[in-house]
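The following paragraphs lead the reader through a single structure. Please keep the sequence and the model in view while reading.

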Amino acid sequence: MKYKIALFLLLIFVLQSCQNENEKRLAENAKEAKKNEKIFNNINKAWIFIDEPINEVSEQNVKGWTEWRDFLKEIGDKPRKTIGAFQKKSTAISKKAIALNNNIPSQFNQPQIKARIAILITKVKMMDLFIHLNQIPDDKVAFLIGEINKELVSLERQMDKIVEKAKIPKEEGEADFLKMLDTTRAIPSSAPPIDQNLPRVE
């Protein structure tokens with residue numbers, strides 16, 4: 001009889017602890033879901049990219065530079081519903097950003113443009129890294145979206161500057177002067193370096 005009572009009490013204790021464990025787990029899941037919903041809402045609100053060309057030059061590039069067109073199209077398509085959708089989109093944007101290094105139009109294949117593309121790629125990669133962390137820092141993702149937009153504007157303005165500069169007619173002899181200047185920079189100095197330890201004759 002005592003054995004049956006002890007077994008019964010043990011069974012009640014086990015059932016009670018399982019119920020407490022389930023309640024605890026449900027509370028944790030609800031808390032996690034609320035946190036994820038907040039992260040999703042913050043990222044969803046911040047996810048606004050400048051996907052339209054800001055000047056005529058950038059608009060022309062959309063027609064002729066496939067990688068630029070694909071990149072702007074990719075950032076223009078906003079994901080919906082889940083964090084997973086944002087993560088996939090972020091990876092796709094990162095791939096399109098890296099592709100900007102390919103087939104740069106000869107007019108823009110210059111250090112100023114390449115430097116701005118490199119900065120843009122870095123910021124896109126950082127966003128992609130943060131959005132794939134287990135604990136997503138939504139504030140950093142939102143900040144990087146703003147930074148990516150700044151880099152896009154900077155890149156498009158630089159393109160515009162290059163086009164405007166190319167329109168300025170060169171003065172007579174300027175091309176020869178620039179060529180000569182480049183040639184003199186290319187010729188190394190033939191004088192040997194001065195040894196600072198040698199005694200000077202005064």
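This is a predicted model: local features need pLDDT of at least 70, side-chain atom pairs count only at pLDDT 80 or more; totals for chains, interfaces and linings use all residues.

The face of helix 4 that is turned away from its buried side carries Lys 88 and Lys 95, both exposed residues.

Which residues of helix 4 are buried? They are Ile 83, Phe 86, Gln 87, Lys 89, Ser 90, Ile 93, Ser 94 and Ala 97. Around the axis they cover an arc of only 165°, which places them on the same side of helix 4. Helix 4 comprises the 17 residues 83-99, which at 1.5 Å a residue should span 24 Å. Its end C-alpha atoms lie 25 Å apart, which agrees with that expectation.

The description may now be widened to the protein chain. It contains 7 helices and 0 strands, and its pattern along the sequence reads α-α-α-α-α-α-α. Of the 202 residues in the protein chain, 28% are buried.

Helix 3, which covers residues 66-76, includes Lys 73, and Glu 74 is found in helix 3 as well. Is each of these residues buried or exposed? Lys 73 has a relative accessible area of 54% and is therefore exposed, since the cut-off for exposed is over 50%. Glu 74 has a relative accessible area of 15% and is therefore buried, since buried means under 20%.

Lys 73 and Lys 96 are 23 residues apart along the chain, and their C-alpha atoms are separated by 9.6 Å. For Glu 74 and Ser 90, 16 residues apart in sequence, the C-alpha to C-alpha separation is 9.4 Å. Ser 90 has already been named among the buried residues of helix 4.

The last part of this account concerns a pair of packed helices. In general, such a pair is described by the angle between the two axes and the distance between them. Helix 5 (residues 111-131) and helix 6 (residues 138-167) pack at an angle of about 165°, and their axes are 9 Å apart. Helix 5 and helix 6 are therefore roughly antiparallel to each other, as angles over 145 degrees are counted in this way. Their crossing is left-handed. Sorted by class, the contact of helix 5 with helix 6 has 17 nonpolar, 3 polar and 5 charged residues.

Key: Residues are numbered from 1 along each chain as its sequence is written. Side-chain values use heavy atoms; hydrogens and water are left out. Axes are lines fitted to C-alpha atoms, for helices over the stretch in contact, and angles run from 0 to 180 degrees between N-to-C directions. Helices (H or I, at least four residues) and strands (E, at least two) are DSSP runs, numbered from the N terminus. Angles under 35 degrees count as roughly parallel, over 145 as roughly antiparallel, 65 to 115 as roughly perpendicular and the rest as oblique. A crossing is left-handed if the near helix is turned anticlockwise from the far one by less than a right angle, and right-handed if clockwise. Ala, Val, Leu, Ile, Met, Phe, Trp, Tyr, Cys and Pro count as nonpolar, Asp, Glu, Lys and Arg as charged, and the others, Gly among them, as polar. The expected span of a helix is 1.5 Å times one less than its number of residues. Buried means under 20% relative accessible area, exposed over 50%, partly exposed in between (1.4 Å probe, protein chains only). The arc is that of the directions from the helix axis to the C-beta atoms.
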